[in-house]
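Please look through the structure shown below with the sequence at hand, and follow it step by step as the paragraphs move from one part to the next.

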2 protein chains.
Amino acid sequence: MAGSKGDKYYNVFLDYRLWLKTISNEGIMGEGCFSLLLEIKNSGSLKEAAEKLEVSYRKAWGIIRKSENMLGFKLVDKQRGGKDGGHSFLTEEGANLMQAYQELKDDIDESIKKVTKKFFHRINHKTLSEN
Amino acid sequence: MAGSKGDKYYNVFLDYRLWLKTISNEGIMGEGCFSLLLEIKNSGSLKEAAEKLEVSYRKAWGIIRKSENMLGFKLVDKQRGGKDGGHSFLTEEGANLMQAYQELKDDIDESIKKVTKKFFHRINHKTLSEN
DNA sequence: ATTCGATATGTTCAATCAAACATATCTGCA
DNA sequence: TGCAGATATGTTTGATTGAACATATCGAAT
């Protein structure tokens, strides 16, 4: 490993997770919240986003609420009632935060990939989106 | 944020965690296990290591056992009985794995620090050992 | 042989986290 | 005005995790 004998590490890989947090250590956004926002952006619906990601509507809604509460502003504009029952879309701030997280994610995936190369003797890694 | 208006992110920072895992996604080593090995190396005792890290002996012992079981080889040589009741020390392989993890950790802390600079508008990060 | 102090390990109890369940609310449209 | 379909939210049940408890084993030294 690390250039030395890495024979024992056939089935080992490097995994990591990334969070935005408040200074009081409360989670604001991780992969779950991020991919929810992404699906909301794509589908215009919290319900569809939850279904796509195979989490309960209740859970998806809770994730968004918690994040919004921590941040103190809205990530998603939600309308209920009406023709199709309702719909959701990202606020401008939601879109901004999403993009920032995406950039961090990409950069860090890239960095980790580089670092991991030094341990190429069987030690691999996953990108965040593979999890 | 990311060069744009980041005024809202005063209290936000970037946190991350790192694991070595088996392909079947079982944890082999994270910060907990790593710092245990470090303390064992320093003190020559699993008991003292556990106390230093303020976890129960039972838990510390379980962490080591799980990791060893996943890997299929010993990280720590443990002797019981004798003058002082017993003692523990790292196997060569334990020391190797520790060092590899340390290098990964350092490199990735460094990488994340760099990446984070692009988001210097209030978005900070912690190194692993700060958690 | 007995003691001492560390390792070894199953068990049980508590707390935390997510899943499931159950309703309620809202509003364009037929 | 009532239906449809999505959002809104409390409650309860279940599962996973870790803390706590209780013993057992080991072997050098006395």
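In this predicted model, helix H1 and helix H4 of chain A cross each other in a left-handed manner. The contact between them is made by Glu31(A), Phe34(A), Leu37(A) and Leu38(A) on the side of H1(A), and by Met98(A), Tyr101(A), Gln102(A) and Lys105(A) on the side of H4(A). Sorted by class, the residues of this contact are five nonpolar, one polar and two charged. How can the packing of two helices be put into numbers? Two packed helices are described by the angle between their axes and by the distance between those axes. For H1(A), which covers residues 31-43, and H4(A), which covers residues 92-117, the angle is about 125° and the axes are 10 Å apart. Angles from 65 to 115 degrees count as roughly perpendicular and those over 145 as roughly antiparallel, and H1(A) and H4(A) are therefore oblique to each other.

Stepping back to the whole of chain A, the reader can find four helices and five strands, which follow one another along the sequence in the pattern β-β-α-α-α-β-β-α-β. Chain A has 131 residues, of which 42% count as buried. If one takes the contacts in chain A between residues at least 6 apart in sequence, 52% of them join residues at least 24 apart.

Among the strands of chain A, S3 (residues 76-80) and S4 (residues 86-90) run antiparallel and are joined by five bridges. Within this pairing, Gln79(A) has His87(A) of S4(A) as its bridge partner. The hairpin formed by S3(A) and S4(A) has five residues between the strands, and Gly81(A) takes a positive phi near 80° in this hairpin.

Asn25(A) has a phi near 70° and is found in the loop between strand S1 (12-22) and strand S2 (27-29) of chain A. Its relative accessibility is 40%, and Asn25(A) therefore counts as partly exposed. Glu54(A), which is likewise not a glycine, has a positive phi of about 55°, and Glu54(A) lies in the loop between helix H2 (46-52) and helix H3 (57-71) of chain A. Because its relative accessibility is 73%, Glu54(A) counts as exposed.

Finally, the reader may turn to chain B, where helix H1 (residues 31-43) and helix H4 (residues 92-117) pack at an angle of about 125°, with their axes 10 Å apart. That angle makes H1(B) oblique to H4(B), and H1(B) passes H4(B) in a left-handed crossing. Here Glu31(B), Phe34(B), Leu37(B) and Leu38(B) in H1(B) meet Met98(B), Tyr101(B), Gln102(B) and Lys105(B) in H4(B), and by class the contact has five nonpolar, one polar and two charged residues.

Methods. Residues are numbered from 1 along each chain as its sequence is written. Chains are lettered from A and ligands numbered from 1 in the order in which they are written. This is a predicted model: local features need pLDDT of at least 70, side-chain atom pairs count only at pLDDT 80 or more; totals for chains, interfaces and linings use all residues. Side-chain values use heavy atoms; hydrogens and water are left out. Axes are lines fitted to C-alpha atoms, for helices over the stretch in contact, and angles run from 0 to 180 degrees between N-to-C directions. Helices (H or I, at least four residues) and strands (E, at least two) are DSSP runs, numbered from the N terminus. Angles under 35 degrees count as roughly parallel, over 145 as roughly antiparallel, 65 to 115 as roughly perpendicular and the rest as oblique. A crossing is left-handed if the near helix is turned anticlockwise from the far one by less than a right angle, and right-handed if clockwise. Contact means heavy atoms within 4.5 Å. Ala, Val, Leu, Ile, Met, Phe, Trp, Tyr, Cys and Pro count as nonpolar, Asp, Glu, Lys and Arg as charged, and the others, Gly among them, as polar. Two strands pair if DSSP finds at least two bridges between them. Buried means under 20% relative accessible area, exposed over 50%, partly exposed in between (1.4 Å probe, protein chains only).
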